[in-house]
Amino acid sequence: MKVDGRAMRTLWPAPARDALFVIDQRALPHRLQVERLGDIAAVHRAIADMWVRGAPLIGATAAYGLALQMNRACDDTALEQAAAWLQQARPTAVNLAWAVQRLLAVLRPLAPAARRDAAWTEADAIAEHDVQVNTAIGRHGLALLQAVAARKAGPVNVLTHCNAGWLATVDRGTATAPIYAAHAAGVPLHVWVDETRPRNQGASLTAWELAHEGVPHTVIADNAGGHLMQHGEVDLVIVGCDRVSARGDVCNKIGTYLKALAAHDNALPFYVAMPTSTLDLSLHDGLAQIPIEYRSAREVTHLSGRAADGTVVEVQLVPDGTAAANPAFDVTPARLVTGLITEHGLVAADEAALRRLGDGPPRHERTRSACRLDRGAATAGRAGTESRQHRQPQPPAR
Ligand code: MRU
């Protein structure tokens, strides 16, 4: 993506392979702040506290986190402990486990002395793979947007939720890849950007990157989408995903399900951009089995933004002591999904089609009980207090 006219990725390793540079997305849209992460603890913090976020970017960042740990200790114990710790930094996006498992598959058979170089090479390959995958998703999604454009006068109106854009990946984004491809191909477009409470990834991040790419867009309150659909202002919905079950249930940012319901009621296509690294063939029933992250109540009770004097301030929205719950993701049943835009083309949200894709992530531990535990912890949050959102396993020994 271009930032102020300059091509940039969302993460890049230091040439000496002793650090990873990332954008601290908490500072956007007000400031583009690059941070140097020098060890696995810094990487874990950046993922858990959402300096970096978005399923594919979390995966690529974690891969470099494991590579950083291999600079320090690369015996079997250090490797397994680091992998387990990183994998739990955020529970919902399966790309995290996918990337860590991909590194483990390469590193486990190697002698410890060979692991450092191999880890950095594999992390680089994961980052490059992400860019190739998103480029292909863009190509396949472009055809869908061109087909809509051919049927109507005026711009194609796309509605998107959260940020499944450049900032959520290494480059291009998933849901935004078709939009960027269509914009580059001269397809007239306009994007409705859901603000995406509580963290406002739409208003803060998607709007920021669409502006840098020159794509016409309008930020809307999350509740406005249904109304716009009823009045013919939306042609199709494209969202990203954090985990898709074998039968095609789609887990994505909280509020996605409501957009799918509204699209269904208005007979509008609801597409999900899905790299196959987000497909979890080990789970069948997405509603029952995908672990939903519950985050701090403070994300609901407070908002931050730029004040008139230019300083970024946080304000409280609710009466002192108000309880708040913050489920960060929801699951859209497969029956509401028109199709999955993958790097291999458009795929139906059904088990036979998804198993045929054959490139899903490795099986891994699922954490339904942790999901219940998280919910208990988060509902205890009250305005004016801070609560931890999920269990923190032990960091690896240095
Ligand atoms: O909590 P976040 O900001 O990490 O959630 C991000 C999303 O839900 C995205 O839509 C999803 O990860 C797809 S990113 C290509």
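## Ligand site

A polar contact is a pair of N or O atoms within 3.5 Å; within protein, one must be able to donate a hydrogen and the other to accept it, and residues adjacent in sequence count only if both atoms are side-chain atoms. In the side chain of Arg 90, an N or O atom is 2.8 Å from an oxygen atom of the ligand. Arg 53 places a polar side-chain atom 2.8 Å from a ligand oxygen atom. For Lys 253, the distance from a polar side-chain atom to an oxygen atom of the ligand is 2.7 Å. The protein buries 99% of the 420 Å² that the ligand exposes when taken alone (accessible areas by the Shrake-Rupley method, 1.4 Å probe; for residues, only the protein chains shown count as cover).

There are 18 residues around the ligand (a heavy atom within 4 Å of it). Those that come nearest are Arg 53, Arg 90, Asp 242, Asn 252 and Lys 253.

## Basis of the model

This is a predicted model: local features need pLDDT of at least 70, side-chain atom pairs count only at pLDDT 80 or more, and totals for chains, interfaces and linings use all residues. Residues are numbered from 1 along each chain as its sequence is written, and side-chain values use heavy atoms, with hydrogens and water left out.

## Helix pair α3 and α4

Helix α3 spans residues 76–87 and helix α4 residues 95–107 (helices are DSSP runs of H or I, at least four residues; strands are runs of E, at least two; both are numbered from the N terminus). Their axes come within 9 Å and cross at roughly 170 degrees (lines fitted to C-alpha atoms, for helices over the stretch in contact; angles run from 0 to 180 degrees between N-to-C directions). That makes α3 roughly antiparallel to α4 (over 145 degrees).

From α3, Leu 79, Glu 80, Ala 83, Leu 86 and Gln 87 meet α4 (heavy atoms within 4.5 Å). The α4 side supplies Leu 96, Ala 97, Val 100, Gln 101, Leu 104 and Leu 107.

## Backbone exceptions

Most peptide bonds are trans. Leu 28 and Pro 29 are joined by a cis one, with omega about 10 degrees. Pro 29 sits in the loop between β4 and β5.

Definitions and conventions: Parallel < 35°, antiparallel > 145°, perpendicular 65-115°, else oblique.
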